[in-house]
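Here are my comments on the model you sent over.

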Amino acid sequence: MASGDPDHEGFVLWTRLAPEPLAEDGLGGMPSRSVPVQWELAADENFRHVVRRGVEPARPESAHSVHVELDGLLPGREYFYRFRAEGWISPVGRTRTAPAPWHLPAALAMGFVSCSQYEHGYFTAYRRLAETEPELILHLGDYQYEYAPDTYTVPGGNPRDHEGPETRTLANYRQRHAQYKTDTDLQAAHAVAPWVVVFDDHEVENNWADEVPEAPDPDFLARRAAAFQAYYENMPLRRTSIPRGIDMQLYRRVRWGRLATFHMLDTRQYRDDQGCGDGYKDCPAAYDPARSITGAEQEAWLLDGFRRSEARWDILGQQVFFAQRDNNSGPLTVTGMDAWDGYAASRDRITRGWVAAGVRNPVVLTGDVHAHWASDLKLDYADPTSRTVGSELVCSSITSGGDGADSATGSHPWLRFNPHLRFQNNLRGYVRTTITPAQLAANFDVLPYVSRPDAPAHTRATFVIEDRVPGLNLTYDAPPAAARGLAPERADLGRQTVESETVRP
Ligand SMILES: [Fe+2]
């Protein structure tokens, strides 16, 4: 049960019938016929004021998933929904419409997340985010992972196991999605607010790039089509995202009145293959203006969106690290070929595009690297005097990488030779942003562990961006967890961090 893709008059309500979610055939124990699903939408959580109801068939060809796309509702309102089928009734979910297009709301409290590897730990971070009652949640990719049980492990061993083999077929991907959706912490996060989701690589396969798999595979296009089909079936996406063969329309805009426009990107489906064989490289191809991470069409769509924007905050919701992140302390610039660093000319066109369009407050939101990061964005990362033209906020993983460890703010070695990088923390967690007309405040929340359930969460650091003043201001810096008796520091933190990010983020 979930909701998503809100606009000012509606959203998508989602459910899937699967009485045996772990069934190997991916069909969730359902018969090969359509089953009617009743849905109700109410203005109150007790359903005294039902505003809409209907019946939607759950069809076997969609693995008995249901997408109800609503319009004509009131802007800026909270709604409650539930489903009934074959004598079962679902829990109640809460969702909301976006504010009216002309309205400038006083605030939006939202959270963003990424990288939820079921095997690597408990999804407590999802529950802790849900407890803060955000109005909107963005998932920036790696919602699920393709691996067979125990082939991608964390130090100390994986506390949980995937069901089924490495996902290659539609049945595999459906079974994997169903397993993830059995997690009650994930369920709580879906039930609290509408989600806006984009996939990264692991919803299909590690580091895929358009039609190119990580390792040669003659069946990759069929695999990609199966992964897209299962992703659509299991996410609260609009009809416009129904896959057609190997293609799926994922990039789109979500507007929150005049306060914020979210430009949700797809940096996988149209990208050129990673340069120099992927990995961390000093790679000339990374600077080739003919190469792109977005594809020409999406780039034109985004630049056009910058020019037309009337939003106070223009927010890019996307997958991989945007700022330059050099991991070499010497004269070489060694950067990740899977991130925007591997497509530096592409990044320059986007950055210059928002500057040329006079975008008032550009902010890039990112996942992928399994650690919290915050960065000032520059027109030229090679020039230390280059002015700051935006900010990037990167959320840590929900679980990927395992427990991780805390460290003193500013102690990560890469911050020394990447002065625009302002913050890194290698605990698991999520970022909560409160966006107002005057400022955007980002709370980097962390959990001391995910190898056991029920960890508490606390805010590790807060950065504020002021309206019309690009750049990050550190306004809160919690003492390291060790100082508060929550988790041991690890002496080898720097090395561990580098490794955890280069191996299959
Ligand atoms: Fe990841």
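**Notes on the fold**

1. Strand β2 (residues 10-16) is mostly covered, with seven of its seven residues buried. Buried here means under 20% relative accessible area, exposed means over 50%, and partly exposed is in between (1.4 Å probe, protein chains only). Helices (H or I, at least four residues) and strands (E, at least two) are DSSP runs, numbered from the N terminus. Before going on: this is a predicted model, where local features need pLDDT of at least 70 and side-chain atom pairs count only at pLDDT 80 or more, while totals for chains, interfaces and linings use all residues. Residues are numbered from 1 along each chain as its sequence is written, and side-chain values use heavy atoms, with hydrogens and water left out.

2. Now the neighbours of β2. Strand β1 (residues 2-7) runs antiparallel to β2 and is joined to it by four bridges; two strands count as paired if DSSP finds at least two bridges between them. Ala2 has Trp14 of β2 as its bridge partner, and the two strands make a hairpin with two residues between them. Strand β5 (residues 65-69) is also antiparallel to β2, through five bridges, and Arg16 is partnered there by Ser65.

3. Strand β3 (residues 35-42) is mostly covered too, with six of its eight residues buried. It pairs in the antiparallel sense with strand β4 (residues 50-58) over eight bridges, where Gln38 has Val55 as its partner. β3 also pairs with strand β6 (residues 78-85), again antiparallel, over five bridges; the partner of Trp39 in β6 is Phe83.

4. How far apart are the end C-alpha atoms of α4? They are 21 Å apart, which agrees with the 21 Å that its 15 residues should span at 1.5 Å a residue; the expected span is 1.5 Å times one less than the number of residues. Eleven of the 15 residues of α4 are buried, so the helix is largely enclosed by the rest of the structure. Among them are Phe220, Phe228, Tyr231 and Tyr232. The cover over its buried residues includes β2, β5, α2 and β11, counting contact as heavy atoms within 4.5 Å.

5. On packing: the largest nonpolar core has 73 residues, of which Leu138 and Phe262 touch the most other members. α4 gives the most to this core, with seven residues. A nonpolar core is a set of buried Ala, Val, Leu, Ile, Met, Phe, Trp, Tyr and Cys residues joined through side-chain atoms within 4.5 Å. A second, separate core of 28 residues includes Val320, Phe321, Ile350 and Val369.

6. Two backbone angles to look at. Asp150 is not a glycine, yet its phi is near 65 degrees, a positive value. Asp150 lies in the loop between β10 (136-139) and α2 (170-181) and is partly exposed, at 45% relative accessible area. Asn207, also not a glycine, has a positive phi of about 55 degrees. Asn207 is in the loop between β11 (195-197) and α4 (220-234), and at 14% relative accessibility it counts as buried.
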